[in-house]
Amino acid sequence: MNKFALSSLTFLAFLAPVSAQSLTVAEGPAQGQLQIRVHDERQATLPSRIFLEKVEFLPLEVTLRTDLQKYRTDRARRTQRQGLWRVELPGGGRIFRYRRAGGTRYGFLLIKADGMPSILLELPGLGMGGLSDPFADRFGVAADGQNAAVSTVAGALYHIRLDGRSFVSSKTPARSIAVTGIVEAKSLAVGKRVLFYQTGKTRLWRLALVDASKPVEVGPKIVTGGRLKEEMALAGNGTRLAFLAGPKKLQHIYIVGEAGKALRITSKAAKYEDAGYLPETVMGPTLLFDDTGTKLFYVDSTIREELYLRDLLKAGSALHITSNTNFQPYIGTGVLPVFLSGKLMVGIGNPKAFDWYLADPAKGTVQNLSRSPGNTKAPFGAGLLDIQGSGSLAGRDSMVVEALKGGAYRLRLFPIKPPHKPLVIDGLQTLPHPGSSSAGSADILVSRKAGDIILDEAQAKTLIALPSPFRLASPIKTAYFRFFMVEISGFQVPVFYEPQKFLLVLPPSKGTSLPILSPAGALVLHGSKLLYFGPRWATSLPPAKGIRRVLSGQGA
């Protein structure tokens, strides 16, 4: 990289805060033999120290996961980069699952926003030779990324801090919780100030997320033959929970908050659907709170699927979305619901024959947003859309994807503001890909045969568009600038950009597989070598002997 490029990066560095930062890398000949190395970005040679050895990264799963969270970079979300599953946290941190020492130690690794690694919790393996995983198949993470809850296959429970600090009681980021009964892993619901969980399928508990707190039982008394359904719905702000309790097909819906006991909100027992989370249930959820915990979407499947929307701040019955006034008989399958400005947007119809609808609890109305030909007036029938996915974008706009003939996709971006007229983009070759962000919502990469687009999610508009054969990649957003790569004829061109402020195009390189902005603001090009271009010096690490994965920084 030439002197102009280095001086330009120095200029960009003045935009970012300066502090002690680390570049954390996993490298080694194979999985199970990886070293976690921490490189000091304050020194030109990037000296490193070994943090962990003989590491293998493991897949991970979280509770309360839906397709809607895929683009919520302002909240904790499960995703995969560089072949490694992780939970990305708001503000730049991330959680990995691992085993080490020949598979005899299992744990959770936090990479903090400043790049420093920290072991959150590590336990010995179980069974013959200690090779079996002691943890349950999923764990809970708060949307704000401040707390987590982990249970074991034996039913034990741990509360974990994710702010980089330790509990006074345990002197570690994790503390063991004294529980009564076996904890149901699927039930873990971590809120802003409290954790909800179930034991033995009949008891619901609440735990304040402070040191030395103890669980308090808050669920209803379960009648003979009844039970709690494990999958519960947590409000977006983490303050209120909805769940099902009762005998099979004769259950009620209850809600409980950060204080007090659970309250029943349904007048009749019915076959209500529980939340329906990934990976077991696709195209859900079927029990959903809005961000404020005041509006609840639910489904009654006693005879066939009937969709309802309840405003908990108002007395009276819920809005029956799929009533005979609104829909023709047997049209009632609802998929991928999402709240949009206090209203519910949901796909309704039959398989590969949907439309998008907006239910307004204040007005008691149901509006067809996508208006397939022949399906513009109530009672509505089947639409024409083959829905593939949807996502809530930072809690404001809603992005949906539909399949088109020939294997392409259509994207619709519904703004939060009425009349919710969507931005429509056709000809997508793949599903939209969220970029990386340390400053709220991320930019979205849209790949099309005609040329790629980067969407500014915060403004619901196109940020960058280039015609084919140029390709865009790796959008990264910070509080000070945006970054992306332009690819052409095997070359990669790094671009720093901020609308109406500056455009900085660096010289092209070849063989770069992944660009990363390090915690110290350096540009790291991860290819056959690891090239480091910092504000004061440039250096490189030799080719890895086997595997190398950068664990810290935006885009890693």
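By class, two nonpolar, six polar and four charged residues line the largest cavity of this predicted model. Nonpolar here covers Ala, Val, Leu, Ile, Met, Phe, Trp, Tyr, Cys and Pro; Asp, Glu, Lys and Arg count as charged, and the others, Gly among them, as polar. A cavity is a set of points, on a 1 Å grid over the protein atoms alone, where a 1.4 Å probe fits but cannot get out; a pocket is an open set with protein on both sides within 12 Å along at least five of seven lines, and lining residues have an atom within 4 Å of a point. The largest cavity holds about 90 Å³ of space. Volume is the space filled by probe spheres set on the points, with grid points joined across faces, edges and corners. Its lining includes R75, R77, R81 and E88. β4 and β35 (436–437) each supply at least two lining residues. Three cavities of 30 Å³ or more were counted.

Residues are numbered from 1 along each chain as its sequence is written. Because the model is predicted, local features need pLDDT of at least 70 and side-chain atom pairs count only at pLDDT 80 or more, while totals for chains, interfaces and linings use all residues; side-chain values use heavy atoms, with hydrogens and water left out.

The largest pocket has a volume of about 820 Å³. It is lined by 43 residues, with Q69, R75, L234, G236 and D291 nearest its centre. This lining divides into 22 nonpolar, 13 polar and eight charged residues. Strands (DSSP runs of E, at least two residues, numbered from the N terminus) contribute to it. Among them, β4 (77–81), β18 (233–234) and β26 (333–340) each supply at least two residues.

The largest nonpolar core has 33 residues. Such a core joins buried Ala, Val, Leu, Ile, Met, Phe, Trp, Tyr and Cys residues through side-chain atoms within 4.5 Å; buried means under 20% relative accessible area (1.4 Å probe, protein chains only). F196, L204, L241, F243, L296 and Y298 touch the most other members. β19 gives the most, with five residues. Another core, of 31 residues, lies apart and includes L68 and M345.

Four strands form an open antiparallel sheet in the order β13-β14-β15-β16. β13 (189–190) and β16 (216–217) stand at the edges with a single partner strand each, so one side of each lacks a neighbour in the sheet. Pairing requires at least two DSSP bridges; two join β13 to β14 (residues 194–199). A189 stands opposite F196.

Definitions and conventions
Buried means under 20% relative accessible area, exposed over 50%, partly exposed in between (1.4 Å probe, protein chains only).
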